[in-house]
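Subject: Handover of a structure for your study

Dear colleague,

Please find below the structure that I am handing over to you. I would ask you to keep it open while you read the notes that follow it.

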Amino acid sequence: MLFGKKAGIKNRNRERYERIRRLMWIKCESCGRLVYYKDYKDNHYICPRCGRAFIMTPKQRFDLLFDNNEWQRVELPIVSDDPLNFVDRKPYKDRLAEARADTGYNDAITTADGVIGGIPSTICVLNGDFMLGSMGRAAGDGIVASIEHAIEQKRPFIMVTCSGGARMQENILSLMQMARTVVAVNKLHASGTPYIVLLTDPTFGGVTASFAMLGDIHIAERGARIGFAGRRVIEQNIREKLPSNFQTAEYLYDHGMVDMVVPRAELKEKLEKILAVLTKRPHTPRAINVATPTTDNKKVRGMGENDAYDKVLLARNENRPHFLDYINGIVDDWTYLAGDRLFGEDPAMCGGIGYWRDIPAVIIGQEKGRTIETRQFHRFGMPNPEGYRKAQRLMRLAEKFKLPLISLFDTAGAFAGSAAEERGQSQAIAESIATGLSIKTPYVAVNVGEGGSGGAIAIGTGDRVLMLENTIYSVIAPESCASILWKDNKYKATAAAAMKLTARDMADLNVIDKIVDEPSGGAHTDWQTTMEMLATSVSEQIRELQKIPTDTLPARRGEKFLAMTRDVEFCAPAHDADDK
């Protein structure tokens with residue numbers, strides 16, 4: 001003992017120091033470094049050194065997502081603790097007691113009501129700190145009760161998942177929660193209530209294989225690991241090493257399972273934008289203000305042969321606005337939605353939700369890209385089957401929320417490749433046509449460039465079909481037609497005239513409802529005017545369609561297309577016998 005010191009003082013100070021240290025510092029499970037707690041909290045419980053997102057408690061989630069940290073907890077049903085009297089290394093009842101003592105929560109589910117961006121909403125959280133958020137009877141009953149509460153109160157429902165899967169200690173009773181929660185989700189969809197799933201780290205097993213993958217919109221928190229079977233189990237099964245990004249949020253995005261990957265700090269803002277559109281909040285549009293990209297104005301090769309082929313070249317002009325240009329110029333509060341929920345995300349087919357001026361809408365279309373890199377990324381606007389299946393998903397989203405569907409099609413055709421055939425290109429196109437003809441919501445389709453074959457009509461079966469003045473619509477490119485029928489590509493202009501593929505021809509043949517004017521030099525010369533005229537024309541068509549009962553729209557749409565091509569006389573242009 002040191003002179004002048006009383007026995008035990010040093011030990012008591014050490015204990016106090018350790019207690020304070022534990023409150024002030026936290027060890028990151030990813031990088032292993034100590035993080036000052038205030039920095040960790042201010043950074044939304046994300047390690048400021050390596051970016052690892054820690055599990056958040058239900059209270060922390062509610063404070064993050066609800067306006068002004070204000071919310072009211074929803075009372076959930078209480079179930080018996082251990083109907084199977086399960087014992088492993090310790091009784092299940094003891095494990096429950098420990099989890100309750102450690103977390104302060106009765107079980108893995110906590111639900112609260114609050115306001116998100118001024119919109120009354122319900123958030124249900126799976127607590128990853130309570131037995132790893134595993135789903136047993138209490139969690140299943142809590143999810144079902146929370147969904148029924150949201151339906152009754154007419155509130156959008158946000159499900160925040162963090163779970164290792166089904167709770168083994170409840171065996172078959174846990175497995176049945178997969179079916180029970182899906183029944184509740186089906187009721188949620190039938191009621192027209194918005195259902196948004198926020199997938200956080202980790203989300204696995206029976207949770208992903210039930211209610212967590214049935215949302216209208218799936219948001220994955222950046223850094224989340226999401227899957228069915230765990231990585232180690234899969235590697236043992238297949239006896240090979242999996243890629244480093246396997247089952248990450250970004251991996252699921254690339255494979256079409258989630259709409260977006262969002263950093264934790266941006267989740268609230270993203271939810272506010274999505275909920276505003278889905279609940280049709282009034283919106284005052286900003287003024288359209290776009291600049292036309294500069295161009296060298298060099299003479300385009302082939303111009304001047306005839307009017308029809310001039311239109312072909314104008315429709316393909318490199319400086320012409322494409323889908324994402326129209327979105328950036330016309331649409332407010334745009335949220336891009338990705339994936340077909342089956343195989344992948346196809347950047348050739350873009351889609352999402354936003355305000356078309358003051359009209360909340362679902363908007364889809366092909367994007368061609370502008371630079372070499374973006375053209376390759378978007379595959380020159382030629383979608384694969386997953387692109388068309390994504391379009392179908394967004395068509396059904398529009399129908400559920402009675403949002404107008406706007407399609408801006410611009411493609412040389414669907415992508416022709418062996419992989420596309422293997423994944424059912426023809427079926428995907430056919431199903432897109434069928435879905436577009438059957439949805440009970442206003443549908444306006446606009447040809448803003450090339451309308452190439454089945455790749456275009458797949459998203460072109462609207463109640464109203466419009467064409468910009470210098471666009472084309474055809475079953476095949478005139479160059480290909482000339483090569484096949486004239487046996488020489490040099491007759492491409494002759495083929496274009498014979499095919500009658502211009503907007504004026506489409507109007508004369510009653511294939512379209514309206515031609516939207518372009519600036520005198522073409523859309524590529526004046527983006528501002530083009531977008532103003534297109535925005536006005538589409539808005540006018542939607543407002544007219546919104547006066548018609550939605551239940552009658554599919555039948556009217558079907559009759560419109562059945563009437564096309566009846567009693568039409570086709571007159572090929574005159575040409576010399578040598579041209580045959």
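Accessible areas come from the Shrake-Rupley method with a 1.4 Å probe, and for residues only the protein chains shown count as cover. On that basis the protein exposes about 27,400 Å², and carbon and sulfur atoms supply 52% of it.

This is a predicted model, in which local features need pLDDT of at least 70 and side-chain atom pairs count only at pLDDT 80 or more, whereas totals for chains, interfaces and linings use all residues. Residues are numbered from 1 along each chain as its sequence is written, and side-chain values use heavy atoms, with hydrogens and water left out.

The protein as a whole

The protein has 580 residues, of which 51% count as buried. Buried means under 20% relative accessible area, exposed means over 50%, and partly exposed lies in between (1.4 Å probe, protein chains only). The C-alpha atoms fill a box of roughly 115 × 55 × 55 Å, taken along the principal axes. There are 21 helices and 17 strands; helices (H or I, at least four residues) and strands (E, at least two) are DSSP runs, numbered from the N terminus.

A contact means heavy atoms within 4.5 Å. Among contacts between residues at least 6 apart in sequence, 72% join residues at least 24 apart.

The protein carries 76 positive and 74 negative side chains, and the centres of the two sets lie 9 Å apart. Here Lys and Arg count as positive and Asp and Glu as negative, while His and the chain ends are not counted. The place of each charge is taken as NZ of Lys, CZ of Arg, CG of Asp or CD of Glu.

Why is helix α3 described as largely enclosed by the rest of the structure? Six of the eight residues of this helix (residues 58-65) are buried, so α3 is largely enclosed. The buried residues are Pro58, Gln60, Arg61, Phe62, Leu64 and Leu65.

Phe62 also belongs to an aromatic cluster with Phe66 and Trp71. Rings of Phe, Tyr and Trp (its six-membered ring) pair if their centres lie within 6.5 Å; planes under 30 degrees apart count as stacked, over 60 as edge-to-face and the rest as tilted. By this rule the count comes to six aromatic pairs. One of them joins Phe62 and Phe66, a tilted pair with 6.0 Å centre to centre and 35 degrees between the planes. Both Phe62 and Phe66 are buried.

A charge sits over a ring if NZ of Lys or CZ of Arg is within 6 Å of the ring centre and within 35 degrees of the ring normal. The charged end of Arg379 sits in this way over the ring of Phe415, 5.5 Å from its centre. Likewise, the charged end of Lys560 sits over the ring of Phe561, 5.9 Å from its centre.

Backbone features

Most residues other than glycine have a negative phi, and most peptide bonds are trans. The peptide bond from Asp201 to Pro202 is cis, with omega near -10 degrees, and Pro202 lies in strand β7 (residues 195-203).

His44 has a positive phi, near 60 degrees. His44 is placed in the loop between α2 (37-42) and α3, and is partly exposed, with a relative accessible area of 28%. Asn85 also has a positive phi, near 50 degrees. This asparagine is found in the loop between β3 (71-73) and α4 (92-103), where Asn85 counts as exposed at 56% relative accessibility.

Thr208 and Gly227 are 19 residues apart in sequence and 6.7 Å apart in space, C-alpha to C-alpha. Not counting residues up to four places away in sequence, Thr208 touches Thr203, Met213, Ile226, Gly227 and Phe228.

Ile512 lies in the loop between α19 (503-508) and β17 (514-516) and counts as buried at 8% relative accessibility. Leaving aside neighbours within four places in sequence, its contacts are Val465, Met467, Ala503, Met506 and Ala507.

Phe343, in the loop between β10 (331-336) and β11 (349-356), counts as partly exposed at 43% relative accessibility. With neighbours within four places set aside, Phe343 is in contact with residues including Asp254, His255, Glu386 and Arg423.

Yours sincerely
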